[in-house]
Amino acid sequence: MELAPTAGLNIAQSLFLNGAFQGVPLCSGMGRCGLCKIRFETSPPEPRREELQKLTVAEIESGWRLSCLHQATGGSIFLPQPERVVPRVSNKFSNNLPEGLALAVDLGTTGLHWAFTLCGTPVKSGQELNPQIGLGSEVMSRLAFAAKPEQRKILSELVTSRIKTLIAETGQIKELVISGNPSMTSILAQDDVRGLSSAPYSLPDGGGKKVNLDEDLPEAYIPPHLAPFVGADITSGIVALNFSKTGIQPPYLFADLGTNGEFVLCLSEDEYIVSSVPMGPALEGVGMSNGRTAGPGAISAFTLTPLGLSPSVIKTEESGQKQKPGITGTGYLSLCAILLKSGVLTSEGLFSSGSTPFAAKLANRLTEINGTPVLDLGHEGLTLPASDVEEILKVKAAFNLAMSALLSEAGLAPSDLNELVLGGAMGQHVNINDLVATGFIPAGIAVITRAAGNTSLEGAKILTHNQEARDFAASLPGRSRVLELAGSDDFGRKYLERMIFKYVY
């Protein structure tokens with residue numbers, strides 16, 4: 001393949017736009033995942049610091065580099081077969097799907113989840129990577145790429161093309177609901193996103209209406225947004241909680257945790273306080289040194305045994321396809337929880353000698369790579385570098401800050417809540433005890449904490465057919481007020497205070 005360099009794009013982005021990295025969970029410029037590795041056949045550039053940490057000396061000398069860290073210039077490269085994530089599909093009807101279908105879509109920054117429904121009941125569903133991920137792994141990098149109208153169009157068409165393919169493979173639909181954060185839905189609608197890219201932040205559009213995305217698609221209903229970074233996905237989540245069979249009683253805290261953490265504190269049916277914090281894609285298995293999205297072959301949890309760490313691996317599908325060995329976001333939380341309990345990791349996030357004979361044996365596997373402490377996990381060459389621990393700590397600090405700030409704003413203690421509900425990436429597979437051990441939540445509210453799964457998609461499914469739910473969704477912006485966190489004078493101090501594996505009130 002011969003490609004002409006594109007001004008302003010790195011090699012990985014150029015390759016992605018030409019189909020080479022589709023379905024690959026790239027960290028998109030962080031230099032951490034290693035999945036965009038290429039070998040320069042001629043004139044390799046000087047290695048960057050991230051490459052010296054990620055690649056071996058032999059690889060560096062042989063011309064291997066991370067394509068996301070270098071601009072495209074003239075030359076010849078070798079591209080190995082990339083490690084792709086296979087979409088997961090569940091189909092209740094092998095063929096002859098009924099008429100009158102609707103399509104609900106949860107457009108996340110990292111993932112794309114969808115469900116064809118009949119009167120709200122799923123008949124076919126699936127999950128895969130957001131097809132835009134090679135052009136920015138988190139919100140701000142995606143918005144930066146979308147700053148130019150022609151590039152915003154590329155991002156939009158990546159998603160609309162995938163939706164059209166899903167419909168073509170399944171059957172015509174009469175209703176389309178797309179839920180997502182304001183950045184993803186605004187890019188999808190090709191709105192001017194400058195108001196989301198820098199302070200003072202503002203919404204390009206408030207949502208809560210149908211939009212025409214493509215002439216070959218029915219108009220898409222996008223639920224209302226509540227704030228510049230608290231969007232339709234949260235509105236859908238609140239719909240899912242309020243229209244479920246069990247219902248929910250205030251006061252409750254709802255946290256949707258993906259690359260952006262979005263939080264809602266419901267004090268009554270007429271009063272909601274909403275807030276958001278950037279969290280990065282670590283909980284979705286992207287950007288970590290051995291991170292993988294949840295799928296066959298990925299490690300979702302660990303236990304400590306006399307023989308060392310024992311991983312729980314997601315079973316391989318009948319097709320036999322599985323991912324390269326790696327660790328999901330919840331797998332990282334499980335690992336950190338074990339290391340903290342056994343004294344191999346301190347509350348400050350530093351490696352230590354262990355507090356039991358089993359733990360000491362594990363701590364003996366600690367080594368250094370290019371001056372960085374690294375723990376050998378004893379499974380298929382997987383390691384835990386100190387930099388990955390730091391990424392988890394950053395996520396923990398952001399979560400802790402948002403939760404404690406919202407409760408303080410309302411004059412509540414954690415014990416005053418009736419429920420803490422977790423949605424998003426964390427809300428699908430997380431072990432609540434791991435959240436306590438790592439300090440995400442105080443131990444006293446573990447009993448009222450539940451993982452609710454993908455509430456954004458669940459709400460979108462309800463909104464495909466329930467007018468009462470749409471009316472309720474339309475009322476939420478008027479019942480909500482925003483608590484700004486990132487712009488406050490003491491944000492940095494409070495964030496750093498919570499960079500510890502212990503809940504800080």
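The lining of the largest pocket comprises 14 nonpolar, twelve polar and ten charged residues, where Ala, Val, Leu, Ile, Met, Phe, Trp, Tyr, Cys and Pro count as nonpolar, Asp, Glu, Lys and Arg as charged, and the others, Gly among them, as polar. The structure is a predicted model, in which local features need pLDDT of at least 70 and side-chain atom pairs count only at pLDDT 80 or more, whereas totals for chains, interfaces and linings use all residues. Residues are numbered from 1 along each chain as its sequence is written, and side-chain values use heavy atoms, with hydrogens and water left out.

The volume of the largest pocket is about 980 Å³. A pocket is defined on a 1 Å grid over the protein atoms alone as an open set of points with protein on both sides within 12 Å along at least five of seven lines, a cavity is a set of points where a 1.4 Å probe fits but cannot get out, and lining residues have an atom within 4 Å of a point. Grid points are joined across faces, edges and corners, and a volume is the space filled by probe spheres set on the points. In total, 36 residues line the largest pocket, and Arg32, Cys33, Lys54, Leu55 and Ser289 lie nearest its centre. Two or more lining residues are given by each of α2 (49-54), α3 (57-61), β18 (372-376) and β19 (383-385); helices (H or I, at least four residues) and strands (E, at least two) are DSSP runs, numbered from the N terminus. The largest share of this lining, four residues, is contributed by α2.

One cavity of 30 Å³ or more is found in a search of the whole structure. The largest cavity holds about 60 Å³ of space. Its lining consists of Asn10, Ala12, Gln13, Leu26, Cys27, Ser28, Gly29, Cys33, Cys36, Cys68 and Gly134. By class, the lining of the largest cavity divides into six nonpolar, five polar and no charged residues. Cys33 is listed in the lining of the largest cavity and is also among the residues nearest the centre of the largest pocket.

For the chain as a whole, the secondary structure amounts to 16 helices and 22 strands. Along the principal axes, the C-alpha atoms fill a box of roughly 60 × 55 × 50 Å. Of the 505 residues, 53% count as buried (buried means under 20% relative accessible area, exposed over 50%, and partly exposed in between, with a 1.4 Å probe and protein chains only). Among contacts between residues at least 6 apart in sequence, 67% join residues at least 24 apart, contact meaning heavy atoms within 4.5 Å.

Asp388 is located in helix α11 (residues 386-410) and is buried, with a relative accessible area of 0%. Beyond its neighbours within four places in sequence, Asp388 is in contact with Arg32, Met288, Ser289, Asn290 and Tyr332. The side chains of Asp388 and Tyr332 are joined by a polar contact of 3.2 Å. A polar contact is a pair of N or O atoms within 3.5 Å; within protein, one must be able to donate a hydrogen and the other to accept it, and residues adjacent in sequence count only if both atoms are side-chain atoms.

Helix α14 (residues 455-463) is largely enclosed by the rest of the structure, because eight of its nine residues are buried. The N-terminal end of α14 is capped by Asn454, a side-chain oxygen of which lies 3.3 Å from the backbone nitrogen of Ser456. Ser456 is itself one of the buried residues of α14.

Thr42, in the loop between β1 (37-40) and α2, is partly exposed, with a relative accessible area of 39%. Although Thr42 and Gly75 are 33 residues apart along the chain, their C-alpha atoms are separated by 6.1 Å. A polar atom of the Thr42 side chain lies 3.4 Å from the backbone nitrogen of Ser76.

Cis peptide bonds join Ala199 to Pro200, with omega about -5°, and Pro250 to Pro251, with omega about 0°. Pro200 lies in the loop between α7 (194-197) and β9 (209-211), and Pro251 in the loop between α8 (232-242) and β11 (252-257). A positive phi, near 55°, occurs at Cys119, a residue other than glycine; Cys119 is exposed, with a relative accessible area of 64%.
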